[in-house]
Amino acid sequence: MYATLRLDPASTVSPVRRRTFGGFVEHMGRCVYTGIYEPGHPTADEHGFRRDVLDLVRELGVTVVRYPGGNFVSGYRWEDGVGPREQRPRRLDPAWRTIETNEFGLNEFMAWTRAAGIEPMMAVNLGTRGIQEAMDLLEYANHPGGTTLSDLRVAHGVPEPHGIRMWCLGNEMDGPWQLGHRTAEEYARIAAETARGLRQIDPDLELVACGSSGRVMPTFGAWERTVLEETYDLVDHVSAHAYYQLEGDDQASFLASSADMEAMVREVVAIADEVGARRGSDKRIHVSFDEWNVWYLDRVRAAAPDEWVEAPRLSEDAYTVLDAVVVGSLLITLLRASDRVHAACLAQLVNTISAIRTEPGGPAWRQSIFHPFSLTARHAAGDVLRPDLTAPTLDTAKHGTVPVLDAVATWDADSRRLAVFVVNRDPDEAVIFEVPLVAFGDARLAQATELADDDRFACNTQDEPDRVVPHAHPRAAVTDGALRAELAPASWSMFLVDVA
Ligand code: AHR
């Protein structure tokens with residue numbers, strides 16, 4: 001099979017948006033406790049943050065991190081997590097049937113984001129709480145001082161306001177599993193009124209309305225329309241969530257998961273633009289794809305704890321090579337949609353559905369999915385180019401007929417570097433891939449990297465943390481004005497090309 005990707009440095013989709021490389025820290029399982037935070041761990045700093053995890057978070061390249069949930073936020077009282085630790089209440093977290101100690105809360109998270117060098121994305125509880133509590137949280141977090149709530153933050157040892165810009169108006173309010181789940185009409189009203197309240201305090205915030213928690217939701221589409229009709233002038237983004245898993249041995253469908261994500265973005269954008277057009281508005285609503293990953297949800301349900309315990313092991317799947325190829329492909333799709341996807345969060349960061357794994361008191365290591373994410377975050381730069389792909393197709397049971405390749409390229413005019421990211425979705429056949437480079441000038445292959453393995457189900461573990469790592473691409477070259485490579489079945493590749 002042969003495929004060609006034609007690129008033109010003058011034909012761009014949008015600048016690469018750093019927020020595409022977001023992550024997610026939820027009070028779920030061991031993401032926080034014994035994940036990012038473990039006082040007493042040999043690498044812990046003075047705040048109890050694991051330095052080994054901080055190093056991996058920086059290497060992963062996440063730019064913005066959503067917090068504190070997720071389903072958790074819909075039953076969360078933010079006040080529980082601030083002030084003297086010994087006075088913080090222990091609560092039941094019904095979302096994950098867990099005991100929440102509240103040892104880690106808003107101010108700890110903000111200190112952690114500063115240590116990690118990332119931007120926070122804060123979610124408010126619109127499940128069991130409402131407008132007032134959201135406004136109180138904003139005042140506590142962002143107001144400089146001179147009011148009871150802002151002075152309380154100062155009394156809690158945080159003199160400077162946190163300056164959090166991006167706020168999510170609840171989480172997955174379309175889902176019947178969500179505490180305080182609402183109809184689209186009910187959610188649209190509370191989201192609009194909360195947005196008004198928050199904007200009365202600070203008109204410059206960036207606000208995210210809840211979109212659908214999946215394209216499979218029965219209310220998908222109608223939900224977005226109803227919510228945006230009420231909130232169009234009040235919010236900047238609408239959220240989208242999607243998780244994928246290998247079902248049976250249908251590798252072709254799994255490898256084509258990003259076709260579903262691409263359709264979701266296209267459909268959400270079309271609905272948002274329709275609402276905008278009917279209002280005669282020039283404003284564009286963007287997509288915050290603030291939860292996405294491979295997630296073996298069936299296994300979570302099977303392993304749900306019976307007892308209420310602190311920080312149980314939830315969704316600590318070891319990701320395979322195949323999972324990593326799919327994650328690479330999902331990120332390619334998000335990057336290609338950078339004109340409308342302005343933020344995206346790999347869910348989650350540590351231990352739970354995670355790129356990074358830890359053991360309490362023990363080591364931290366990179367899961368297979370860490371690698372395509374970190375390489376893309378590091379090397380995608382400048383502008384996303386409009387890809388013109390000619391490729392054979394692949395028939396899949398779940399996503400219909402899709403191009404066999406998923407590809408995107410970025411061009412950094414300053415460093416004159418082209419970065420090409422490509423996934424061969426075919427589980428069985430290699431693809432001969434060509435990228436003509438004459439439009440760029442004299443080109444040299446600076447780096448070619450592949451993630452593929454004879455054992456697609458190989459994983460990284462505590463004992464073998466580097467079993468799955470990217471390697472030098474064995475079959476790639478730049479010759480006669482073109483990049484040529486043979487893409488192995490079920491593989492992720494990255495090519496960096498320097499142009500004179
Ligand atoms: O990321 C895990 C869970 O997935 C989140 O809590 C929820 O928002 C989604 O359903």
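Predicted model: local features only at pLDDT ≥ 70, side-chain atom pairs only at ≥ 80, totals over all residues.
Local features need pLDDT of at least 70, side-chain atom pairs count only at pLDDT 80 or more, and totals for chains, interfaces and linings use all residues. Residues are numbered from 1 along each chain as its sequence is written.

The protein is divided into domain 1 (4-8 + 384-499) and domain 2 (17-379); these bounds come from an automatic or database domain assignment. Their centres, taken over C-alpha atoms, are separated by 29 Å. In domain 1, 44 residues are in contact with 38 residues of domain 2 (contact means heavy atoms within 4.5 Å). The two domains bury about 3200 Å² between them, and 69% of this is on carbon and sulfur atoms. Buried area is the accessible area (1.4 Å probe) that two parts lose on being put together, summed over both.

Helix α3 (residues 131-142) packs against helix α4 (residues 148-155) at an angle of about 50 degrees. Their axes, lines fitted to C-alpha atoms over the stretch in contact, are 7 Å apart. Helices are DSSP runs (H or I, at least four residues) and strands likewise (E, at least two), numbered from the N terminus. The pair is therefore oblique (under 35 degrees is roughly parallel, over 145 roughly antiparallel, 65 to 115 roughly perpendicular, the rest oblique). D136, E139, Y140, A141 and N142 of α3 meet L149, S150, L152 and R153 of α4. These residues divide into four nonpolar, two polar and three charged (Ala, Val, Leu, Ile, Met, Phe, Trp, Tyr, Cys and Pro count as nonpolar, Asp, Glu, Lys and Arg as charged, the others, Gly among them, as polar).

The peptide bond from Y67 to P68 is cis, with omega near 0 degrees. P68 sits in the loop between β4 (64-67) and β5 (91-93).

Note on methods. Heavy atoms only, no water. Axes fitted to C-alpha atoms, helices over the stretch in contact; angles between N-to-C directions.
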